[in-house]
Amino acid sequence: MNYIEDVATLARKDLRLELRARDTLPAMLLFVLSTFVVFHFALPQGSGEAAAQGLLWVALVFTALLGLARSWAPEREGGVFDGLVLAPCDRSAIWLGKAAAVLVFLVAIEVVALPAFALFFEPLDGAAVAGVALANLGICAVGTLLAAMAAASRTRELILPLLFLPLAIPLVVGGVGSAISPEPGRYLLFLALYDAVFAIICWASFEYVVTE
Amino acid sequence: MSSGEKYLAAAYGVIFVVLLLWVVIIAAKLTRLEREVGELAERARERRDGD
Amino acid sequence: MSTSSRNSRVPALAALAAALVGLSLALVFFVAPEDADQGISQKIFYFHVPIALTAYACFGWGALKALLYLWRKDERYDLESYVGIHLGTVFGTLTLLTGSIWAKASWGVWWTWSSNQLVLFLVLFLFYCAYFMLRFSVEEGPRRASLSAVYALFGVVLVPVSFFAIRLASDFIHPTVFNREGPQMSGTMFATFCVAWGAITVLAYVLYRVELAGKLLDQHLRELREALA
């Protein structure tokens with residue numbers, strides 16, 4: 001299908017750019033690990049498992065923000081934003097391709113970060129990892145669109161966290177819930193619903209974000 | 001006044017104050033618009049007298 | 001329809017709003033019975049809840065106008081959406097303020113995370129503050145209008161999603177649970193509530209029309225200025 005091909009081409013472009021430049025991924029990785037160390041000093045003794053799980057999510061959200069802030073940078077710096085939009089593909093494919101690339105980055109980080117978390121703090125069970133996986137989808141879908149909005153604004157990186165954090169709250173609730181609740185099913189279902197609902201909205205509305 | 005009554009008064013008072021603030025802001029905007037209309041009328045008059 | 005004929009009903013509506021507010025105040029303070037458990041501070045509820053409901057309605061209205069803008073690209077919808085959301089934020093702030101006072105009166109604390117409505121409004125408040133920051137950081141024009149419209153639509157979806165999130169979160173977040181009896185409302189109380197709700201709704205609509213008229217006037221004056229320059 002042509003649409004899928006477009007998405008794949010766009011995603012591959014971003015991955016190849018990152019492989020060559022190697023600036024975003026190492027920064028995100030270092031950030032998340034440094035954050036864990038800061039958390040160790042920030043958590044008083046006897047804070048318990050729940051607190052640590054909560055902090056994992058804080059770390060993940062802010063690391064994602066770091067990556068998202070840079071996600072449209074290649075387009076912006078190369079001055080190709082308009083060119084991309086004029087490309088003969090569905091505008092939503094641009095969003096999907098970019099979101100897929102950001103997802104790959106995020107997962108790559110988590111492959112290191114989650115074991116590190118388990119090492120420093122608490123082991124993570126299957127439900128917790130499933131929660132992370134589901135939330136990743138929501139973060140990438142919504143974050144990529146909001147990052148495109150922020151790119152159009154004068155204050156850019158400054159405004160992305162403001163736009164993103166209120167929308168990330170449900171994801172954090174779902175993620176922490178699936179990690180610490182005795183019945184994680186509800187939280188995982190909620191995360192899946194969030195992903196579905198917001199993916200549809202992002203897919204439908206991206207066109208309006210990049211065109212006039 | 002009992003403390004319950006004080007809180008009641010505070011809540012309604014807050015509503016009152018916020019609405020009045022809104023009126024103040026709109027009134028200020030109105031003054032500015034009036035001033036602009038005056039300037040534009042002046043300019044239109046000059047334009048007409050100049051023709 | 002010219003602007004002036006469109007606005008000719010506003011003074012009458014304002015008078016209606018004034019009358020309804022007066023009537024509801026009279027009902028609240030002189031007719032409605034005092035609540036057995038909470039005492040007189042329960043009467044905050046008669047305005048607090050309508051204000052909250054009206055805030056939701058304003059956000060919904062703003063989102064509707066946003067959708068119309070994206071569909072029709074008529075600048076006027078962008079303005080209407082903005083004013084709706086602005087008013088919604090004002091009413092949302094009022095909800096937080098009156099809610100906090102009511103919390104202090106009922107439970108002795110100015111803030112509690114166990115009131116789902118308060119927490120929901122806090123999240124929405126943050127979300128819509130970001131709306132204004134977004135709007136003020138983009139040049140005026142179709143781009144700004146499109147971005148604002150998309151964000152407004154996200155907001156209206158966030159309302160139910162956050163509501164469920166907060167409900168789910170309450171299982172593992174708060175140790176202390178404050179319980180307020182949902183209004184076991186007597187007939188008089190319910191009637192008072194309805195009148196107050198009507199009053200706030202009409203009031204909100206009047207505020208909306210006045211603010212919108214001001215903004216449109218601003219716009220026309222700017223066009224005039226450019227024409228005369």
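In chain A, residues A:Leu60, A:Ala64, A:Leu68 and A:Ala69 of α3(A) meet A:Val132, A:Ile139, A:Gly143, A:Thr144 and A:Ala147 of α7(A). Contact means that the C-beta atoms of two residues, placed from the backbone, lie within 7 Å. By class, this contact has 7 nonpolar, 2 polar and no charged residues. Nonpolar covers Ala, Val, Leu, Ile, Met, Phe, Trp, Tyr, Cys and Pro; charged covers Asp, Glu, Lys and Arg; the others, Gly among them, are polar.

This is a predicted model: local features need pLDDT of at least 70, side-chain atom pairs count only at pLDDT 80 or more, and totals for chains, interfaces and linings use all residues. Residues are numbered from 1 along each chain as its sequence is written, and chains are lettered from A and ligands numbered from 1 in the order in which they are written.

The axes of α3(A) (residues 49-69) and α7(A) (residues 126-152) come within 10 Å and cross at roughly 35°. Axes are lines fitted to C-alpha atoms, for helices over the stretch in contact, with angles from 0 to 180 degrees between N-to-C directions. The crossing is right-handed, meaning that the near helix is turned clockwise from the far one by less than a right angle.

**Chain C**

Chain C has 7 helices and 0 strands. Helices (H or I, at least four residues) and strands (E, at least two) are DSSP runs, numbered from the N terminus. The C-alpha trace of chain C spans about 65 × 45 × 25 Å along its principal axes. Of its 229 residues, 45% count as buried, that is, with 20 or more other C-beta atoms, placed from the backbone, within 10 Å of their own. Among contacts in chain C with a separation of 6 or more, 79% join residues 24 or more positions apart.

**Interfaces**

Two pairs of chains are in contact, and chains A and C share the most contacts. Chains A and B do not touch; their nearest C-alpha atoms are 25 Å apart.

On the A side, 28 residues of chain C are in contact with 26 residues of chain A. Helices α5 (116-136) and α6 (142-169) of chain C each supply at least two residues here. On the B side, 25 residues of chain C contact 20 residues of chain B. Here α3 (45-72), α4 (75-107) and α7 (187-228) of chain C each supply at least two.

Methods:
A residue is buried if 20 or more other C-beta atoms lie within 10 Å of its own, exposed if 12 or fewer, and partly exposed in between; C-beta atoms are placed from the backbone.
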